[in-house]
Amino acid sequence: MELSSDRAVAALEMSQTKSKDDEAFGSDGDYESLPPHVSVTTHMTAGAVAGILEHTVMYPVDSVKTRMQSLQPDPNAQYRSVYEALKRIIRTEGIFRPLRGLNITMIGAGPAHALYFACYERVKRSLSDVIQSGGNSHLANGVAGSVATVLHDAVMNPAEVVKQRMQMYNSPYRGLWDCVRTVTHTEGVGAFYRSYSTQLTMNIPFQAVHFITYELMQEQLNPHRHYHPGSHIVSGAAAGAISAAVTTPLDVCKTLLNTQENVALNSMNISGHLTGMANAFRTVYRLGGPAAFFKGVQARVIYQMPSTAIAWSVYEFFKYFLTKQQLEEEAGPRPL
């Protein structure tokens with residue numbers, strides 16, 4: 001009995017020691033409040049890794065979404081579902097066809113998301129200090145997401161143009177650099193930013209809804225802001241699905257401006273190149289009515305849910321890992 005008591009005391013002492021060690025290294029629960037000690041490089045590194053994984057893991061579904069948003073698709077490129085589309089593309093065009101354009105997406109996603117997350121964290125913290133005295137503010141989250149989007153899209157928009165042109169059925173481009181050279185020669189450098197205003201008009205509300213939903217879900221599922229992968233995945237998936245669904249009409253217009261779909265534009269007797277969000281809206285409505293604004297919504301939600309879940313879970317993991325590593329270096333070696 002005495003031996004059992006000694007073991008209990010020893011176990012309690014070890015538990016207290018472990019608790020103190022965890023406090024010294026910020027503990028899992030405090031890692032969200034650690035950023036004042038975290039460099040911008042940490043956020044940029046975590047954001048870049050998260051962005052590349054977000055865009056690559058679900059890329060084949062993104063290729064299907066681009067084709068399903070075509071306003072007047074070729075009869076050979078009309079699909080009933082995402083699964084049927086992927087199966088037919090692989091069977092008729094080759095196993096690697098759904099990955100066409102992935103290279104430019106990876107080139108753009110790294111720096112775009114590095115700026116995106118670093119800007120979001122900095123602006124969110126600054127505004128939260130003013131609005132909620134350092135507490136969580138949904139207004140700060142929404143504004144921070146919108147500001148970060150302006151930087152993100154400035155980097156990502158040219159990559160989106162090239163990617164979507166290479167994803168289309170019967171794309172005339174042999175590869176990445178052929179597409180860049182051809183577009184630059186025939187349409188000018190401005191073609192890479194033709195959809196920028198539409199992209200911002202879509203992505204600012206998308207990211208505002210995205211960040212507000214994510215932070216709201218975190219308040220419910222993870223109120224103490226521990227590093228908790230399950231809550232980050234669920235919150236990210238919900239945020240991605242809701243924001244993707246409500247902004248699909250703008251995404252359809254963006255796709256039309258990026259791809260300059262010849263069959264659709266010729267049927268409307270539009271010569272030259274379609275420019276401007278208002279013109280894109282009118283063209284989409286005339287070609288398909290209200291239903292056309294939700295073409296590809298299924299593929300968009302299926303793509304965005306896991307993509308956003310991956311982005312947040314990877315970002316939160318790297319933020320946690322890099323932060324803890326930095327604090328351990330600052331604290332020095334633990335005494336034996």
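**Salt bridges, burial and a pocket in a predicted model**

Asp-62, Lys-65, Glu-160, Lys-163, Asp-251, Lys-254 and Arg-300 are joined in a network of salt bridges. The model is predicted.

User: How many salt bridges does the whole structure hold?

Analyst: The search finds 19 salt bridges. Side chains of opposite charge can pair when their charged atoms come close.

User: What makes Glu-84 and Arg-88 a salt bridge?

Analyst: Their closest N and O atoms are 2.7 Å apart. The cut-off is 4 Å between a side-chain nitrogen of Lys or Arg and a carboxyl oxygen of Asp or Glu. The value is within the cut-off, so the pair counts as a salt bridge.

User: Where do Glu-84 and Arg-88 lie?

Analyst: Both are in helix H4, residues 82-93. They are 4 residues apart, about one turn of the helix.

User: Why is Glu-84 called buried?

Analyst: Its relative accessible area is 14%. Buried means under 20%. Therefore Glu-84 is buried.

User: Which burial class does Arg-97 get, and why?

Analyst: Arg-97 counts as buried, because its relative accessibility is 14% and the class covers values under 20%.

User: Why is Glu-93 called partly exposed?

Analyst: Glu-93 has 27% relative accessibility.

User: What makes Asp-178 and Arg-174 a salt bridge?

Analyst: A distance of 3.5 Å between their closest N and O atoms. The limit is 4 Å, so the pair counts.

User: Why is Arg-174 called exposed?

Analyst: Its relative accessible area is 70%. Exposed means over 50%. Arg-174 is therefore exposed. Asp-178, at 12%, counts as buried.

User: Which residues form the nonpolar patch on the surface?

Analyst: Val-130, Ile-131, Leu-139, Val-143 and Val-147. Together they have about 430 Å² of accessible area. Helix H5 (102-131) and helix H6 (138-167) each give two or more residues to the patch. H6 has the largest share, 3 residues.

User: Why is Leu-139 called exposed?

Analyst: Leu-139 sits in helix H6. Its relative accessibility is 56%.

User: Why is Ile-302 called partly exposed?

Analyst: Ile-302 has a relative accessible area of 35%. That lies between 20% and 50%, so the class is partly exposed. Ile-302 belongs to helix H13, residues 297-331.

User: What separates the C-alpha atoms of Ile-302 and Lys-65?

Analyst: A distance of 9.4 Å. Along the chain, Ile-302 and Lys-65 are 237 residues apart.

User: What volume does the largest pocket have?

Analyst: About 570 Å³. Of the 24 residues that line this pocket, the closest to its centre are Met-168, Thr-259, Gln-260, Glu-261 and Asn-262.

User: Which helix gives the most to the lining of the largest pocket?

Analyst: Helix H11, residues 262-267, with 4 residues. By class, the lining has 9 nonpolar, 10 polar and 5 charged residues.

Methods
Residues are numbered from 1 along each chain as its sequence is written. This is a predicted model: local features need pLDDT of at least 70, side-chain atom pairs count only at pLDDT 80 or more; totals for chains, interfaces and linings use all residues. Side-chain values use heavy atoms; hydrogens and water are left out. On a 1 Å grid over the protein atoms alone, a cavity is a set of points where a 1.4 Å probe fits but cannot get out, and a pocket is an open set with protein on both sides within 12 Å along at least five of seven lines; lining residues have an atom within 4 Å of a point. Grid points are joined across faces, edges and corners, and a volume is the space filled by probe spheres set on the points. Ala, Val, Leu, Ile, Met, Phe, Trp, Tyr, Cys and Pro count as nonpolar, Asp, Glu, Lys and Arg as charged, and the others, Gly among them, as polar. Buried means under 20% relative accessible area, exposed over 50%, partly exposed in between (1.4 Å probe, protein chains only). Patches are made of residues with over 30% relative accessible area and no salt bridge: like charges are joined within 9 Å, nonpolar side chains (Val, Leu, Ile, Met, Phe, Trp, Tyr) within 5 Å. Accessible areas come from the Shrake-Rupley method with a 1.4 Å probe; for residues, only the protein chains shown count as cover.
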